[in-house]
Amino acid sequence: MDLQKINVKFFVTSRERIQLTDFIDIFNSWIQDSDGDYYDVADYSHMHAGPGILLISYEANISMDDTGNRLGLLYNRKQPLGGSNNEKLKFAFKTALEFCRRVENEPALRGRVRFRGDEVHFLINDRLVAPNTNEAFRAVKPELEGLARTLYGGAEFTLDHNSDPKQRFSVFIKTPRAFDVDTLLKNLGSRGDQLVGISVT
Amino acid sequence: MTFGINNYTNNKVNKYELLEYYPKDFLDRGAFMSGVETWKERLARLMPPDLAREIDIFETQIELRKQGKIDERVFAETRLRRGVYGQRYDNGQRHDGIKVQKLKLPSGDLTKGPETVWDAPGMIRIKIPFGGLNPEQMEVLADLSEEYSDGVSHVTTRQDIQYHFVHIDDTPSLMRRLAAVGITTREACGNVVRNVTACPLAGVCRDQVFDVTPYAKACSKFLLGHPDTQDFGRKFKIAFSGCKEQPCGLTSMHDLGAIARVRLVNGEARRGFEFYVGGGLGAVPYQAKLFDEFLPEEELFPLAQAISRVFARLGEKRNRARARIKFLVANLGIEEFRRIVLEERQKLVADPRWTEYLSKVHEQTESPLKPGVSLNGSNRAEGFDAWYATNVYHQRQPGYVVATVTLPLGDITASQLRALADIARRFVKDTIRTTVEQNIVLRWVSEADLPALYSALCEIGLGEPNAGTIVDVTACPGTDTCKLGIASSRGLARELRTRLSEKSLELDAAVKGLRIKVSGCFNSCGQHHVADIGFYGISRNVNGYTVPHFQVMLGGKWKENAGAYGLPVSAIPSKRIPEVVMRVTDRYVRERLKGESFQDFISRIGKKEVKVMLEDLTRIPSHDADASYYSDWGDPREFTLTDMGVGECAGEVVSQAQFTLAASERELFEAQIYFDSGDFKKAVLTAYGAMVHAAQALMKTQNYDISNNEETILNEFRQRFCDTQIFYDKYAGSKFAEYLFKAGDALSNNGHAGREIALQRLQEAQLFIDAAHSCYNKLSSMMSVSRANSAAASAGEG
């Protein structure tokens with residue numbers, strides 16, 4: 001399977017003291033700091049367990065996403081990625097983590113947002129390419145396992161797949177060990193801002 | 001042989017055959033893992049062939065536009081008629097609050113319309129006739145919002161669904177998946193008949209004369225793609241209402257409004273409609289004029305068709321600001337307009353579709369899932385009573401209710417929409433509708449199920465009460481996504497909802513029953529004219545800064561089918577609007593007379609007094625003292641009008657001749673694909689079809705009703721264009737016309753269709769179509785000169 005439209009979500013450690021609407025100002029400041037990378041900010045803070053606040057760009061959307069009532073940073077890759085599946089996965093995870101790190105370091109938040117590294121939600125946002133079946137899981141599993149081994153530096157992990165046919169193809173990658181964003185980025189190798197695609201300053 | 005674009009396709013090129021001949025990479029952006037059958041092929045089996053073909057055509061048009069083979073204006077109107085709309089910043093730049101940034105979009109100079117960059121995301125509008133949905137459709141809508149948009153389906157004030165931030169390259173796939181569950185985006189935008197709306201209670205309403213649903217449904221189908229509705233200067237909106245007194249249908253503000261009536265004729269009760277024409281909101285709102293007190297049901301479609309023809313013929317085309325039918329009716333006067341329409345009606349050739357649907361309109365179209373049982377002492381969750389008071393309507397059928405699902409700002413997430421589909425399956429059948437107040441209703445709920453339904457809705461965050469109250473603010477997209485937006489209508493609506501929700505339990509009943517509607521500009525997509533308290537976005541210069549404001553409109557009437565429009569009172573800075581709402585409603589509670597409506601109250605105290613009451617709210621602190629007044633709700637950027645663009649509501653005025661010429665180009669492209677795949681016979685046939693269509697396009701400049709019959713087209717083309725040497729090249733003479741006739745003769749003689757012949761035919765077809773374009777341009781410039789001369793002559797006479 002040619003993995004495209006990869007989505008990666010890292011959850012916050014605690015949602016207390018986090019106001020979704022804070023991210024309207026933050027994402028707007030990111031736009032001001034960029035050079036035409038981002039298209040717009042979309043505000044869905046009025047919705048229950050919704051997509052939250054999105055930073056829209058041509059290549060990908062980055063959002064503080066509350067889907068499933070679980071707040072986290074979602075990297076939603078829209079445009080095709082080149083390279084092997086392993087390279088594409090690594091790129092998507094690293095880019096998501098770079099954005100997590102940027103949020104954690106955001107001065108306006110004064111350290112109120114931290115992401116947990118022990119659980120990642122991986123999705124393919126295209127039912128036509130990847131229906132949510134056990135067959136699809138079997139096809140993707142080896143590559144995800146490879147990625148998870150690198151991500152967690154050889155620590156134990158599990159892949160949970162729920163094959164509800166109505167949902168998009170998704171897998172929860174979990175480890176019993178605690179990891180922070182910097183460690184995960186280090187495990188994945190090079191920095192996200194050295195990669196092609198959206199610049200991460 | 002019939003050469004109507006769709007008919008030709010159906011007769012000559014089978015959809016499935018077509019799939020075989022397109023190059024694989026052109027068709028498949030993804031494939032099922034089995035590798036046996038593409039998803040596109042699977043979907044094709046699930047939709048009507050006509051619809052499948054239309055989407056294939058649109059995909060080809062996208063490809064042709066990318067190759068520069070379709071003019072951007074023609075393409076813009078083409079995509080609009082497929083529901084593919086522009087969105088804010090799609091000119092490729094955005095003001096970030098400090099400076100204008102050029103957006104990084106890789107498409108370069110490629111555009112999808114004037115000043116509309118190809119890779120800029122856009123909006124797609126999905127037509128939901130009369131708001132009718134079933135659970136399967138809801139699930140697909142949910143899936144598509146996740147995969148192609150931002151995870152949200154937005155219910156509009158015309159019962160449509162909209163997605164934002166969609167890439168145009170994704171639209172054919174999106175359309176196919178919608179078509180597979182019976183939904184089209186066709187004619188959701190552009191200068192055509194928009195979504196036909198109807199009261200969401202139709203069929204279950206206690207006040208209705210009869211159920212207008214079957215009429216709205218049939219009308220939507222009849223006018224969709226109808227040749228007489230393709231040449232309008234502006235959009236055309238139709239609404240149906242089951243009764244005159246209640247507001248649900250809003251017929252007074254529509255281009256064409258039909259209110260159910262029954263009249264005794266020779267002792268027999270006959271159905272018909274009180275029929276209105278020429279209403280509309282926008283910058284210049286008009287109340288619709290009564291066309292006929294009782295239009296018999298069998299005359300509904302012929303009259304709609306006749307009105308369409310008159311609008312296409314006499315409606316304004318050049319001045320977009322005065323191109324709606326309301327201006328035509330006003331200019332002619334309703335008497336003269338009626339006379340012309342009735343004259344046109346007499347000329348129409350009878351169409352079986354006018355009446356064939358009538359045999360089924362008396363049938364019950366919906367049925368309940370469960371027996372109707374009243375609500376008796378069931379356990380009720382906390383909050384149930386408040387929800388029941390505002391969100392439940394007792395149907396005319398005992399034991400059944402309509403439950404309104406309140407959607408904040410008309411938005412519903414993919415997860416919620418999917419879960420709501422499951423809830424619908426649990427409690428009702430396919431009896432779900434969107435509303436013009438941006439909510440969703442479940443009809444035919446057994447009353448005894450309400451506590452369980454409420455709990456299920458609460459579980460997915462949709463148990464909010466206050467449907468149809470002052471808290472349930474309606475808003476158009478405004479500056480969030482609309483190119484025309486001046487101020488943030490959704491931002492204001494979000495703020496008002498939050499503040500009013502907090503106070504909802506304390507609100508006086510008279511205030512709670514009021515409605516607030518917000519538009520981001522004067523175009524009135526938020527329907528501010530028909531709200532008790534309405535707002536539309538404007539800007540004012542204050543202390544040298546451009547400051548977002550809203551014009552306050554008071555006294556509009558939602559009831560009586562939008563019976564009166566509100567009047568502008570004062571321009572107030574955006575950030576002070578919540579104070580306006582509190583002040584006006586507080587005074588209403590304090591000073592209203594017994595039983596006095598809000599409209600009567602405003603009328604009694606007078607506009608002057610209201611203005612005085614709000615006077616201090618027109619002022620704001622200096623920028624240095626508080627800069628927050630200089631930005632809009634939910635948008636930290638300092639306010640600017642820099643991002644406003646050219647709206648696409650008006651579409652592009654593209655003649656039918658231009659559309660048909662574009663279709664002939666597309667057919668020639670298809671012929672080339674057949675050629676490349678080695679099917680020379682189909683290449684020859686399709687190339688000939690392209691030439692016939694190009695000839696038909698030219699004929700449309702002289703005879704709008706030119707038939708689709710090949711022989712007729714050829715005869716008339718020869719007579720009107722060849723014999724008169726209108727289709728004549730200075731150097732090549734009649735050579736290009738001969739290509740057409742020669743190709744036709746060869747087909748009649750069952751000529752050989754080898755590679756050489758096919759290649760020759762393709763080349764000749766290209767030359768013929770180029771010549772047709774030249775001829776059309778020549779005719780257009782002659783007509784322009786003629787118009788200019790007559791305008792000059794008129795001016796001289798004046």
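Here are legends for a few close-up views of this two-chain structure, which is a predicted model.

**View 1. Chain A on its own.**
Let's start with the parts list: chain A has four helices and eight strands. The C-alpha atoms of chain A fill a box of roughly 45 × 35 × 30 Å, taken along the principal axes. How does that fit with a compact globule? For 201 residues, such a globule would have a radius of gyration near 17 Å, and chain A comes out at 16 Å, which agrees. Of those 201 residues, 49% count as buried. If you take the contacts in chain A between residues at least 6 apart in sequence, 65% of them link residues at least 24 apart.

**View 2. Where chain B touches chain A.**
Here 35 residues of chain A meet 34 residues of chain B. Which pieces of chain B supply at least two residues each to its side of the contact? They are β3 (100–102), α7 (135–148), β17 (411–413), α14 (414–427) and β26 (635–638) of chain B. The biggest giver is α7(B), with four residues. By type, the side of chain B that touches chain A is made of 14 charged, twelve nonpolar and eight polar residues.

**View 3. Two helices of chain B, packed together.**
Now look at α7(B) again, this time with its partner helix α8 (residues 171–179) of chain B. Their axes are 10 Å apart and the packing angle is about 170 degrees. An angle over 145 degrees counts as roughly antiparallel, so that is the label for α7(B) and α8(B). From α7(B), the contact uses B:V140, B:L144 and B:Y148, while α8(B) brings in B:L174, B:R177 and B:L178. Sorted by type, the residues of this contact of α7(B) with α8(B) are five nonpolar, one charged and no polar.

**View 4. An open sheet in chain B.**
Five strands sit side by side in the order β20-β21-β22-β23-β24 (chain B), forming an open sheet with mixed pairing. Which strands are at the edges? Those are β20 (474–475) and β24 (567–573) of chain B, each of which pairs on one side only.

**View 5. Zooming in on that sheet.**
At β20(B), the neighbour is strand β21 (residues 516–519) of chain B, and the two pair in the parallel sense over two bridges. Look for B:A475, whose bridge partner in β21(B) is B:V518. Elsewhere, helix α21 (residues 607–614) of chain B lies across β23 (545–554) and β24 of chain B, running at about 10 degrees to β24(B).

Terms used. Residues are numbered from 1 along each chain as its sequence is written. Chains are lettered from A and ligands numbered from 1 in the order in which they are written. This is a predicted model: local features need pLDDT of at least 70, side-chain atom pairs count only at pLDDT 80 or more; totals for chains, interfaces and linings use all residues. Two residues are in contact if their C-beta atoms, placed from the backbone, lie within 7 Å. Ala, Val, Leu, Ile, Met, Phe, Trp, Tyr, Cys and Pro count as nonpolar, Asp, Glu, Lys and Arg as charged, and the others, Gly among them, as polar. The radius of gyration is taken over C-alpha atoms; the globule rule is 2.2 Å times the number of residues to the power 0.38. A residue is buried if 20 or more other C-beta atoms lie within 10 Å of its own, exposed if 12 or fewer, and partly exposed in between; C-beta atoms are placed from the backbone. Two strands pair if DSSP finds at least two bridges between them. Axes are lines fitted to C-alpha atoms, for helices over the stretch in contact, and angles run from 0 to 180 degrees between N-to-C directions. Angles under 35 degrees count as roughly parallel, over 145 as roughly antiparallel, 65 to 115 as roughly perpendicular and the rest as oblique.
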